[in-house]
Amino acid sequence: MKTILVTGSSGLIGSEVCQYFAAAGWTIHGVDNNQRAVFFGPSGDTRWNQKRLSESIRGFVHHEVDIRDRPGVLTLVSEVKPDAIVHTAAQPSHDRAAAIPFDDFDTNAVGTLNFLEAARRVCPESPFVHMSTNKVYGDRPNRIPLVELETRWEYDNELRGKGIAEDFSIDQSMHSLFGASKVAADVLVQEYGRYFNMPTCALRGGCLTGPSHSGVELHGFLSYLVKCNLQGIEYKLYGYRGKQVRDNIHSEDVARFIQAFVEAPRSGEVYNIGGGWANSCSVLEAFDLTAKVSGREQKWTYQEQNRAGDHICYYSDLTKMRTHYPQWDISISLPEIIEQIVSAWKDR
Ligand SMILES: NC(=O)c1ccc[n+]([C@@H]2O[C@H](COP(=O)([O-])OP(=O)(O)OC[C@H]3O[C@@H](n4cnc5c(N)ncnc54)[C@H](O)[C@@H]3O)[C@@H](O)[C@H]2O)c1
């Protein structure tokens, strides 16, 4: 039986990966210290998800380790000797990072280095999958010519309907401190692949979403938007007339891609993983889609000032993922994702 070590196991992507690999017969070790509650307060608490994993995955082992604890990480990896590592633990918010720069960098950059180096010493042959972000491109996507449509912004050049590919520059733009710490981690992951020939990849996420997200205003766009809709909370829109576009991918489709990579790993790869054009929507469009499912109108307010570094229109070009792993494709559509999130918040 193979063993996988998943960091951030109580979070959205980590928990999905735990469930997905457990169903495929792997032994699951999760690492999470509920730091999300420290970053975002009680509404970011992920203990409910940790409990769910303990109850639903036979033999699930939870490790209450802080990924910043270098000796602790080395001991953990030495003890578990995993056949694969999926690193999803992070300070995930662009806006939150400015208030906690040391915590952000120590978690995102140094925490990633701790696991990479532990893996190199203990299990260099084991595939290492890192969750990166489209914020590594900074606000450069905002320099693409755009056209304003009735409910969304759209690319006004050859990228229209195609999206942003992995060769897009990550340099000389505004990233937010979060984007900068994630760039450091992303490049380290590539370097352990290229320099040490380890089977690593960085997945640059668009909007990763799904029913297991503990969505808060500062992170977890769709999850939080649906929560606002159901609870009658006013959703605050920041700039771009609410037409900013994000591409949404269900956490299960992320886990399926991770499995494809783990089964046939490559070295030092980078993939843009999002919902692509077909699963993209603007915030205004997300209001409508959600209202159709919940039967409730969205309450919202608008503020002219956009969030610093926010993308006006971003969706991923999925060509490289589909070419390297032809068995993989998006399997859950945007309306289905919203239905699942509505139903999950109602249950919770
Ligand atoms: N959700 C998105 O829209 C999105 C988009 C792009 C990239 N990503 C990336 O994907 C990854 C997973 O995102 P998510 O949405 O599942 O995040 P999440 O916040 O739901 O999960 C992350 C988990 O990591 C844990 N954690 C944080 N710091 C820790 C520490 N120091 N020690 C131990 N555990 C710690 C948290 O408690 C949390 O449970 C992150 O790297 C994030 O940057 C997410």
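Hi everyone, a quick definition to start: Ala, Val, Leu, Ile, Met, Phe, Trp, Tyr, Cys and Pro count as nonpolar, Asp, Glu, Lys and Arg as charged, and the others, Gly among them, as polar. This is a predicted model, where local features need pLDDT of at least 70 and side-chain atom pairs pLDDT 80 or more, while totals for chains, interfaces and linings use all residues. Residues are numbered from 1 along each chain as its sequence is written, and side-chain values use heavy atoms, leaving out hydrogens and water.

So, what surrounds the ligand? There are 32 residues around the ligand, and Asp-32, Arg-36, Lys-182, Gly-206 and His-213 come nearest; being near takes a heavy atom within 4 Å. By class, the shell holds 12 nonpolar, 15 polar and 5 charged residues. Among the elements supplying at least two shell residues each are helix 1 (12-23) and helix 7 (176-194), with helices being DSSP runs of H or I, at least four residues, numbered from the N terminus.

Now the polar contacts, meaning pairs of N or O atoms within 3.5 Å. A polar side-chain atom of His-213 is 2.9 Å from a ligand oxygen. Leu-208 uses a backbone N or O atom, 3.1 Å from an oxygen of the ligand. Asn-33 places a side-chain N or O atom 3.2 Å from a ligand nitrogen.

Is Asp-253 buried or exposed? Asp-253 is buried, at a relative accessible area of 0%, where buried means under 20% with a 1.4 Å probe and protein chains only. Its side chain reaches the backbone nitrogen of Ile-332 at 3.1 Å. Thanks, all!

Terms used:
Polar contact = N/O pair within 3.5 Å; in protein donor to acceptor, adjacent residues only side chain to side chain. Buried < 20%, exposed > 50% of the residue type's maximum accessible area, 1.4 Å probe, protein only.
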